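User: Hello! I am new to reading protein structures. Could you walk me through one, feature by feature?

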Amino acid sequence: MKKVLGLSCIVTILFVLPTIQYVLAAGDEPGEYLDRRVEIWNLFFRLMTVAFVIGAVVSGTLIWLVWRFRESNPKAKPTKYEATGEW
Amino acid sequence: MSGHSTWPEWVYIGVVIALLVWVGAESWNIERLIDHAPADAQVIKVTGQQWFWTFEHSDGTKEIGELHLQKGTPYKFEITSKDVLHSFNIPDYVVLQDAVPGRINTVWFVPKDTGEFPLQCREYCGLIHYNMRGTLYVEDTA
């Protein structure tokens, strides 16, 4: 539980608080002149960058997992259930 | 407990939460920025009905099916509908807002380029929806 709390604190300090601060600090009423085309497309490209990076990491992890833990891998070890024949 | 180290899982959960928070905050921030019209924006009342658009400028001038605007001037559209759901759309300027009967929705933009641009309905609204189009004329300020 302590570890969870510690990690939550770290995440909060490193990511959540700066994000909230960044959001609340931006823009005041009334609005400024801006090009909505630029803003919207830039947001789209930023989010797509994140989406593709996450997609690459997740699919890379899955591919590694399947490759590493295949039965034919020389490093593969049977689980204790497989070793004793208890299914 | 589980009998194995769980710290990678907690790191994974932390990273996912951080990314979701960032995505949400970023989107919310941009939406907020583009929602706030400048104080000097000119109001144009936009009314959709089957199957054409009517525009009323702040001086009372009305246009049907076409809209004349000045380059570099901010405009705030107050959009409504007389009958069914429509959606006011200027694709070249990424302007898109629903026209709902009994409700006024707003969207604003600044035309940066002179020329003719299509405007259209983007919500299926009946038989001639496909032809509920118009033209935006952006002219140089005199």
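This is a predicted model: local features need pLDDT of at least 70, side-chain atom pairs count only at pLDDT 80 or more; totals for chains, interfaces and linings use all residues.

User: In β5(B), which residue is the bridge partner of B:Lys45?

Analyst: Residues are numbered from 1 along each chain as its sequence is written, while chains are lettered from A and ligands numbered from 1 in the order in which they are written. Now the general idea: strands of a sheet pair through backbone hydrogen bonds, either parallel or antiparallel. Here, the partner of B:Lys45 in β5(B) is B:Glu78. Strands are DSSP runs of E with at least two residues, numbered from the N terminus, and two of them pair if DSSP finds at least two bridges between them. Strand β1 (residues 42–49) of chain B pairs with β5(B) over seven bridges, in the parallel sense.

User: In which order do the strands of that open sheet come, β1 and β5 of chain B included?

Analyst: The order is β3-β2-β1-β5-β8 in chain B, five strands with mixed pairing. β3 (62–64) and β8 of chain B are at the edges with a single partner strand each, so one side of each has no neighbour in the sheet.

User: Is B:Val95 buried or exposed?

Analyst: We count C-beta atoms, placed from the backbone, within 10 Å of a residue's own: 20 or more others make it buried, 12 or fewer exposed, and anything in between partly exposed. B:Val95 is buried because it has 21 C-beta neighbours inside 10 Å. B:Val95 sits in strand β7 of chain B.

User: Which residues have the most contacts inside the largest nonpolar core?

Analyst: In soluble globular proteins, nonpolar side chains tend to be buried together. A nonpolar core is a set of buried Ala, Val, Leu, Ile, Met, Phe, Trp, Tyr and Cys residues joined through C-beta atoms within 7 Å. The largest one here has 20 residues, and B:Val46, B:Tyr75, B:Phe77, B:Ile79 and B:Trp108 have the most contacts inside it. Strands supplying at least two residues each include β2 (52–56) and β6 (86–90) of chain B.

Conventions. Helices (H or I, at least four residues) and strands (E, at least two) are DSSP runs, numbered from the N terminus.
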